[in-house]
Amino acid sequence: MSTSEQPPAGPRTPTSLSPSRASDFMQCPLLYRFRVIDRLPEKPSPAATRGTLVHAVLERLFDAPAVERTAPRAKALIPGQWDRLLGSRPELGELFAEDPEGERLAQWLTEAEALVERWFTLEDPTRLEPAEREMFVETELASGLRLRGVIDRVDVAPTGEVRIVDYKTGKAPRPEYSEGALFQMKFYALVIWRLKDVVPRRLQLVYLGSGDVLTYDPVEEDLLRVERKLLALWEAIRLATESGDWRPRPTKLCGWCDHQAVCPEFGGTPPVYPLPVVPARPADSGASDEGGRAEEDGQGRMGAVQPAP
């Protein structure tokens, strides 16, 4: 998914879970707090913004009749979609504020063109008629946990089989990390299953950075495991929200974090916790084990929270 999640100012109590925010908590609980509760601002990055631009182009291309969905037409959409992004998010102009000759911007747009062009070697849009594009989905599980997200593309076969497709502008992960990459897709599959009582036939990740396509065919048992994992994760988030105990989990990803100045791992002090702290109750002791397991994986990999037995 490409949409940048920049929340408005003001603290809030978590009320739902998306794939991105679930990933944040598994990577670093303190990062989750900064983004979801404190809502600290973050600078736009060229890579993330390029991803947003490419996603917008691929979405808009399907407005054209099938025979007109060509690589030249897709690349021709880039300038207009970039202008649209700038209009909705003027702060993106800061990315090229120190580029008076426009050389960096030109190179950046050329890189976006290359990603768009590569997509045509991986899929044939003249043979696709998506049922949904940039589809917002939301459901509430029996437990009360609300799941939400935006799916890049949903294809439905004449036989009713559903395929969920997500575009990634980076490179495909190594095989040992593929499960983490599929977590987001299984999350979406769970939401579709609970909403429509249909298990998607295929989950497909299209990596434009490396020209790879990763597919997975889920079954109900897969989605039940994801549901248990999300419930354990949400319990860990609830405990941290009530206690105010959000511990950083240092990894190599810290080097790209916008919040080093307020992170204890870099000598900083987090803002005063803006939510009321609920004193721990003896009855909470058993549930707190989930919170502990949510913080055990020092690698910050997806899947750090294990499902409850």
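How do the residues of the lining of the largest cavity divide into nonpolar, polar and charged? The views below take this up, along with two other topics. This is a predicted model, where local features need pLDDT of at least 70, side-chain atom pairs count only at pLDDT 80 or more, and totals for chains, interfaces and linings use all residues. Residues are numbered from 1 along each chain as its sequence is written, and side-chain values use heavy atoms, with hydrogens and water left out.

**View 1. The lining of the largest cavity.** Its residues divide into three nonpolar, one polar and five charged. Here Ala, Val, Leu, Ile, Met, Phe, Trp, Tyr, Cys and Pro count as nonpolar, Asp, Glu, Lys and Arg as charged, and the others, Gly among them, as polar. Helix α3 gives the largest share, three residues.

View 2. Thr110 counts as partly exposed because its relative accessibility is 43%, between the limits of under 20% for buried and over 50% for exposed (1.4 Å probe, protein chains only). Lys75 is 35 residues apart from Thr110 in sequence and 9.4 Å apart in space, C-alpha to C-alpha.

**View 3. Confidence along the chain.** The mean pLDDT (the predictor's confidence in each residue, from 0 to 100) is 89. Where pLDDT is low, the predicted coordinates should not be read in detail.

Key
Helix = DSSP H or I, 4+ residues; strand = E, 2+ residues; numbered from the N terminus.
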